[in-house]
Amino acid sequence: MLFITEHVPPLVYPEKGVLKGYSIELAKAVWDKMNIAKPNFRVQPWARSIKYFNSKTPTCLFPASLTTSRCKKYRCVAFPASYKIGILAHKKDKARFITDAQLKQSRIITARLSSTMKILIQLGFSEKNFDYGSTVHACVKKFAKGRAPLITGDVASILYNYASIGKKRSNLYVIKNIATLQQGFIFNNAVPQSYVLAFKKALTTVVNSKKGKALHRAYFSLNKPHP
């Protein structure tokens, strides 16, 4: 069984060479509840993960946005966390983007094959607007270099990666919040249904336990600064 993830703080992030985050700790607690050995995590860009997802290797991708299309296509197990998707600019450019028309006439950096891109297209943006990066980190580096005046995606991940390249988060401004997406685990067809059902049952038990509630507070408390 292969569990694949990517850096999306506070759900998944590296700390001194070790993966931390809410969904990492949640997955470990679920495996303990299932009384099975903890599988290894593989960290790689989402575009690569989804491209090879339909393989013969039993695979789980997480954290994944549980969009309507994904839930119809795959077996999904939700957990109590969400992405806040937004469009961000540098504060110095704030006055340039007052209206939706101004946003739709500008270049926007986004991760290729992301849920965010599909949402923006539904909102009337064109693929001609997009400048792509393979990962959130690659997108943020492009944005910091001035490749485009706007960047879109999970707000927490953008801020985290912006700080990781030595920039001040306070220099960024959320121009527009566009969606909040439920997060969870998605399993490919090679994973036995019995495993998915056992995983879902264990996850529900963990989330509703004292440990699960404490874990959620630890990562999502309004008073806690996230990575």
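Biologist: Which residues of α1 are buried?

Modeller: This is a predicted model, in which local features need pLDDT of at least 70, side-chain atom pairs count only at pLDDT 80 or more, and totals for chains, interfaces and linings use all residues. Residues are numbered from 1 along each chain as its sequence is written, and side-chain values use heavy atoms, with hydrogens and water left out. Helices (H or I, at least four residues) and strands (E, at least two) are DSSP runs numbered from the N terminus, while buried means under 20% relative accessible area, exposed over 50% and partly exposed in between, with a 1.4 Å probe and protein chains only. In α1, the buried residues are Y22, S23, I24, L26, A27, A29, V30, W31 and M34.

Biologist: Is Y83 buried or exposed?

Modeller: Y83 has its place in strand β6, which covers residues 75-90. Because its relative accessibility is 8%, Y83 counts as buried.

Biologist: In which sense do β6 and β9 pair?

Modeller: Two strands pair if DSSP finds at least two bridges between them, and β6 and β9 have five bridges. Within this region, G86 stands opposite G153 in β9. The sense in which β6 and β9 pair is antiparallel.

Biologist: Which residue in β9 is the bridge partner of I109?

Modeller: Strand β9 (residues 150-154) has five of its five residues buried, so it is largely enclosed by the rest of the structure. Strand β7, residues 108-111, runs parallel to β9 and is joined to it by two bridges. In β9, the bridge partner of I109 is I151.
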